[in-house]
Amino acid sequence: MISLTNSQIGELMGQFLLAGTGTLSFAILFACPRRSLPTCALVGAMGWFVYELCVMLGLGTAAASLLAVIPLTILTRVFAILQKTPVTVFLLSGIFPLVPGAGIYRAAYYTVTDQLYLAVQTGFDAVKMAVAIVLGIVFVFEIPQTVFQIGNHKAHQKH
């Protein structure tokens, strides 16, 4: 059994709140519907929480990204049905904390400063994270829509 220290739990809670705030800001910037803003923040915070937890437990960034985007995408599909809102509203704002923007920036910086080994290394890590995010989203979207329709018994009945 893996246990976390009090400082790690505190750090996770702080990261959760900061990721939620960042995701909320991104959702506002992209003019998401006002009623969906708290849910967008929750989706982004949950995805980042799972990512940080996986990293704390020793997983690499690509594996952590994959494991974080799966519950995040499941939440987006459930919330899209519950709020009768397109899934992209929650998905685009929710994956914002997971996008490897800093890695892409560093790769470009190292390229410009002629540090090609570091450019290739950081660029490859950023690409691995991006591919992991895409694979996680695709994996969850392969699950039939009827699985996510909570309380809709007609969707589960066979005709």
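Predicted model: local features only at pLDDT ≥ 70, side-chain atom pairs only at ≥ 80, totals over all residues.

Let me begin with the first pair. Helix H1 covers residues 6-29 and helix H2 covers residues 37-56. Their axes lie 7 Å apart, and the packing angle is about 140°. That angle makes H1 oblique to H2, since the antiparallel class requires an angle over 145 degrees. As for handedness, H1 and H2 cross in the right-handed sense.

Which residues of H1 and H2 make this contact? On the H1 side they are Gln8, Glu11, Leu12, Met13, Gln15, Phe16, Ala19, Gly20, Thr23, Leu24, Ala27 and Ile28. H2 contributes Leu37, Cys40, Ala41, Leu42, Gly44, Ala45, Met46, Trp48, Phe49, Glu52, Leu53 and Met56. Sorted by class, the H1 and H2 contact holds 17 nonpolar, 5 polar and 2 charged residues.

Is Ala41 buried or exposed? Its relative accessibility is 13%, and Ala41 therefore counts as buried, the limit being under 20%. Setting aside neighbours within four places in sequence, Ala41 is in contact with Gly20, Thr23 and Leu24. Ala41 and Glu11, by comparison, are separated by 30 residues in sequence and by 18 Å in space, taken C-alpha to C-alpha.

I turn now to the second pair, H2 and H3. Here the axes are 8 Å apart and the helices pack at an angle of about 155°. H2 and H3 are therefore roughly antiparallel to each other, as the angle required is over 145 degrees. The crossing of H2 with H3 is right-handed.

From H2, the residues involved are Thr39, Leu42, Val43, Met46, Gly47, Val50, Tyr51, Cys54 and Val55. Facing them in H3 are Thr61, Ala64, Ser65, Leu67, Ala68, Pro71, Leu72, Leu75, Thr76 and Phe79. By class, the contact of H2 with H3 comprises 14 nonpolar and 5 polar residues, with no charged residues.

Ser65 has 0% relative accessibility and so counts as buried. What does Ser65 contact beyond its neighbours within four places in sequence? The partners are Tyr51, Met129, Ala132 and Ile133. Of these, Tyr51 is one of the H2 residues that meet H3.

I thank you for your attention.

Technical notes. Residues numbered from 1 in each chain as written. Heavy atoms only, no water. Buried < 20%, exposed > 50% of the residue type's maximum accessible area, 1.4 Å probe, protein only. Contact = heavy atoms within 4.5 Å. Axes fitted to C-alpha atoms, helices over the stretch in contact; angles between N-to-C directions. Helix = DSSP H or I, 4+ residues; strand = E, 2+ residues; numbered from the N terminus. Parallel < 35°, antiparallel > 145°, perpendicular 65-115°, else oblique. Left-handed = near helix turned anticlockwise from the far one by under 90°. Nonpolar A, V, L, I, M, F, W, Y, C, P; charged D, E, K, R; others polar.
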